[in-house]
Amino acid sequence: SAETLTSDQQDLPQYHPWRANSDKYTSIEINRNISTFGNYELMGYTDSNTGIVKGYSNLQTITVESENPIYIVGEDGALYNDVKSKLFLYPAQNPATHFDVPVTVGRIRPGTFCDAKNLQSVSFHSTLHNVWIPQHAFANASSLSYISFASETAPSHYYLSSFVGLPRDGVVVAPTETDEFKRLTQYITSAVGSNWTFATGSGNVVSYISSDFTLYVAGNDKYNTESSKASWYSQRSSIKKIVVKKGITDIGGYAFSSCDNVTEATLNNNGIIDYYAFRNCSALTRVNIGSGVTGFSAYKYESYDCHPFYGCSKLATINVSDLKAYCSINNLEYLTDSKYGTASVKTLMVNGVIHSSTSELAIPEEVTWIPTDAFRFFSNVTKIRFPKSMEKISSCNFMDHTYLTEITVPSTISSVEHNA
């Protein structure tokens with residue numbers, strides 16, 4: 001059950017009994033008399049039967065009495081010492097996807113980000129040389145795939161348990177490539193049993209090519225670099241796949257234009273795909289669309305629509321991770337309509353599964369309308385069922401849809417547009 005952890009004891013020992021119940025607490029209240037935490041007091045514990053690290057996984061808030069002279073809670077909700085040179089604990093249930101470690105912080109404590117499953121990126125801004133990453137610091141932060149450092153000096157101490165439970169692929173970013181940063185990256189790779197990558201960069205976004213010739217874009221901001229100005233542009237002919245990771249917001253114009261050997265693109269950003277983003281990616285055959293993509297943007301030039309997939313004449317398959325989210329994408333026709341140069345699009349997949357001619361494609365409940373051209377050219381979709389929440393079907397969805405054999409339409413639909 002949800003509980004609040006409170007104490008007015010002056011010195012809290014390292015192995016207080018409440019650690020065994022750390023995953024039950026939703027809030028921690030630190031009273032005025034507390035002046036010292038044990039080194040591992042806020043780390044949670046390791047289950048002796050399963051070996052699984054359990055932190056304060058349900059923690060939502062931390063509060064400190066104003067009269068306490070030693071500890072404070074920052075605007076970010078995390079617990080610090082009074083001068084913010086030490087970061088003790090970050091609430092695991094904080095909904096934020098990015099965390100900026102203040103420039104004053106030289107050390108984080110064991111278990112600081114343990115179980116923070118919403119975090120996708122963390123940036124260390126300190127230039128101090130004694131930054132270290134203790135036990136369980138990022139344990140089970142299962143969405144965290146981007147860790148960046150402002151300093152040219154890598155952390156001095158870290159452990160395998162610091163990174164256990166991170167995603168299987170991610171990136172460490174720093175201004176300069178050094179043996180120490182490469183060693184840190186290899187250490188994380190060992191902890192997660194897969195491949196993390198090091199990339200040089202600064203700011204909130206980085207792009208890099210992996211050993212399997214995949215171009216990754218990672219970070220926590222808009223990716224707004226035109227391909228001709230990107231660090232990887234001279235290697236563009238070697239790129240086979242493009243992956244935009246969670247945390248990126250919008251994809252800017254011309255971002256990947258003229259990557260003429262790319263066959264597959266995965267878009268996990270939270271925002272729009274702007275004009276000419278994949279212009280003349282002539283080998284592109286499949287686009288995987290995550291639930292965070294909100295729309296495709298274009299502009300008019302004379303009689304042309306300068307849309308994101310202009311010149312992608314081989315695009316044949318669209319794979320969506322969330323059918324409900326797909327039905328809410330703005331300007332979907334720029335991806336699916338033949339008049340915009342994507343005439344070969346014929347196959348719709350949902351989470352990698354192709355609907356056969358005998359299966360029914362069911363639109364999820366809560367979807368109220370279908371955007372223009374959402375299903376027009378998918379010849380593998382022969383049966384479709386709309387939910388009771390459906391109110392409107394936009395134009396050009398089933399026009400010339402000769403392969404559609406069955407459609408279930410609820411009485412709630414009040415609007416069917418011309419040539420729907």
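## Residue classes and model

In what follows, Ala, Val, Leu, Ile, Met, Phe, Trp, Tyr, Cys and Pro count as nonpolar, Asp, Glu, Lys and Arg as charged, and the others, Gly among them, as polar. The model is predicted: local features need pLDDT of at least 70, side-chain atom pairs count only at pLDDT 80 or more, and totals for chains, interfaces and linings use all residues. Residues are numbered from 1 along each chain as its sequence is written, and side-chain values use heavy atoms, with hydrogens and water left out.

## Overall make-up

The protein has three helices and 34 strands (DSSP runs numbered from the N terminus: H or I of at least four residues, E of at least two). Of its 420 residues, 51% are buried (under 20% relative accessible area, 1.4 Å probe, protein chains only).

## Largest pocket

The lining of the largest pocket has seven nonpolar, seven polar and two charged residues. Strand S17 gives the largest share of this lining, five residues.

## Thr185

Thr185 lies in helix H1, residues 179-192. Its relative accessible area is 4%, so Thr185 is buried. Leaving out residues up to four places away in sequence, Thr185 touches Val172, Trp196, Thr197 and Phe198 (contact: heavy atoms within 4.5 Å).

Terms used. Buried < 20%, exposed > 50% of the residue type's maximum accessible area, 1.4 Å probe, protein only.
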